[in-house]
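Me: I have a structure open and would like to go through its packing with you. Could we start with how the helices meet?

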Amino acid sequence: MTFASIPPMRRHSRSVSAEVAAHLEKLIISGELRAGDRLPPERELAASMNISRSSLREAMFELESKKLVERRQGRGSTVADISKGASRLYGNLADLDVELGYATELRDLVEPRIAELAALRAVDSNLLSLDEVLTRSQETLPPEESMRLDIEFHTLLAHAAQNPLLVTLCTMTTEWTQRTRMLSHRTALGRRISIQGHELIYRAVSEHDGPTAAAAMEQHLREVREISTPNG
């Protein structure tokens with residue numbers, strides 16, 4: 001029987017179970033672990049990650065509650081697929097011929113609410129994942145890598161909101177606005193403004209301050225839009 005390979009994780013100062021949950025969640029969100037992949041048995045996985053089985057169980061329970069893994073007695077744990085409702089929504093939206101203005105308007109409506117819910121619902125593993133992305137984000141990065149981390153930050157934030165339908169909407173608006181988002185990463189100034197916006201959002205989310213997180217996201221989207229215009 002073939003099991004998914006789990007890369008080593010960085011160790012931080014927070015609880016071990018939160019570190020494990022953040023590590024596995026990042027692998028799932030990034031696509032390194034795909035829907036249907038079977039995770040190694042608990043004993044093997046705990047040994048390979050050099051953690052206790054109790055810490056691993058806590059992490060797996062959290063991932064199961066987020067609907068990122070499915071656990072079945074006698075079958076072990078597998079990476080979950082997106083919910084049927086989210087899948088249907090994704091399919092329906094993917095067929096639309098969406099104008100950029102509509103996509104931008106949808107993003108302006110959805111992402112501040114995502115940030116607000118993330119501030120109210122984020123757990124330690126979510127904060128660890130967001131902080132790790134911010135650590136890797138630098139204005140000296142190439143535009144393509146900077147935008148990849150930008151998208152990863154917003155996707156992780158949507159997952160922190162604990163609503164798979166919002167994750168789907170975030171994914172779709174990312175695809176629809178990809179060209180203009182790239183413009184905001186073409187210069188060091190644009191990359192710096194984007195990172196500063198993410199830092200303000202993260203600070204509010206880590207303090208579980210919903211209104212401030214929503215306001216920070218609104219400001220971030222406004223600033224990114226200004227530097228993405230032809231004269232920006």
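Reply: This is a predicted model, and in it N126, S129, L130, V133, L134 and R136 of α6 meet R148, L149, E152, F153, L156, L157 and A160 of α7.

Me: How do the residues of that contact of α6 with α7 divide into nonpolar, polar and charged?

Reply: Eight of the residues where α6 contacts α7 are nonpolar, two are polar and three are charged.

Me: And are α6 and α7 roughly parallel or antiparallel to each other?

Reply: The axes of α6 and α7 come within 10 Å and cross at roughly 170°; angles over 145 degrees count as roughly antiparallel, and α6 and α7 are therefore roughly antiparallel to each other.

Me: OK, the core next. Which residues have the most contacts inside the largest nonpolar core?

Reply: That core has 30 residues, and I114, F153, L157, I201 and V205 are those with the most contacts inside it. At least two core residues come from each of α5, α6, α7, α8, α10 and α11, while the largest share, six residues, is supplied by α7.

Me: What does I201 touch, leaving out residues up to four places away in sequence?

Reply: I201 touches A115, F153, L157, A216, M217 and H220. Apart from this core lies another, of 20 residues, including I28, L45, M49 and L63.

Me: Switching to L39: is it buried or exposed?

Reply: L39, which sits in the loop between α1 and α2, counts as buried because its relative accessibility is 4%, and the cut-off for buried is under 20%.

Me: Which residues is L39 in contact with, beyond its neighbours within four places in sequence?

Reply: L39 is in contact with F3, I6, L33, M60, V69, S77 and V79. As for S77, its C-alpha atom is separated from that of L39 by 5.5 Å, although the two residues are 38 residues apart along the chain.

Note on methods. Residues are numbered from 1 along each chain as its sequence is written. This is a predicted model: local features need pLDDT of at least 70, side-chain atom pairs count only at pLDDT 80 or more; totals for chains, interfaces and linings use all residues. Side-chain values use heavy atoms; hydrogens and water are left out. A nonpolar core is a set of buried Ala, Val, Leu, Ile, Met, Phe, Trp, Tyr and Cys residues joined through side-chain atoms within 4.5 Å. Buried means under 20% relative accessible area, exposed over 50%, partly exposed in between (1.4 Å probe, protein chains only). Helices (H or I, at least four residues) and strands (E, at least two) are DSSP runs, numbered from the N terminus. Contact means heavy atoms within 4.5 Å. Axes are lines fitted to C-alpha atoms, for helices over the stretch in contact, and angles run from 0 to 180 degrees between N-to-C directions. Angles under 35 degrees count as roughly parallel, over 145 as roughly antiparallel, 65 to 115 as roughly perpendicular and the rest as oblique. Ala, Val, Leu, Ile, Met, Phe, Trp, Tyr, Cys and Pro count as nonpolar, Asp, Glu, Lys and Arg as charged, and the others, Gly among them, as polar.
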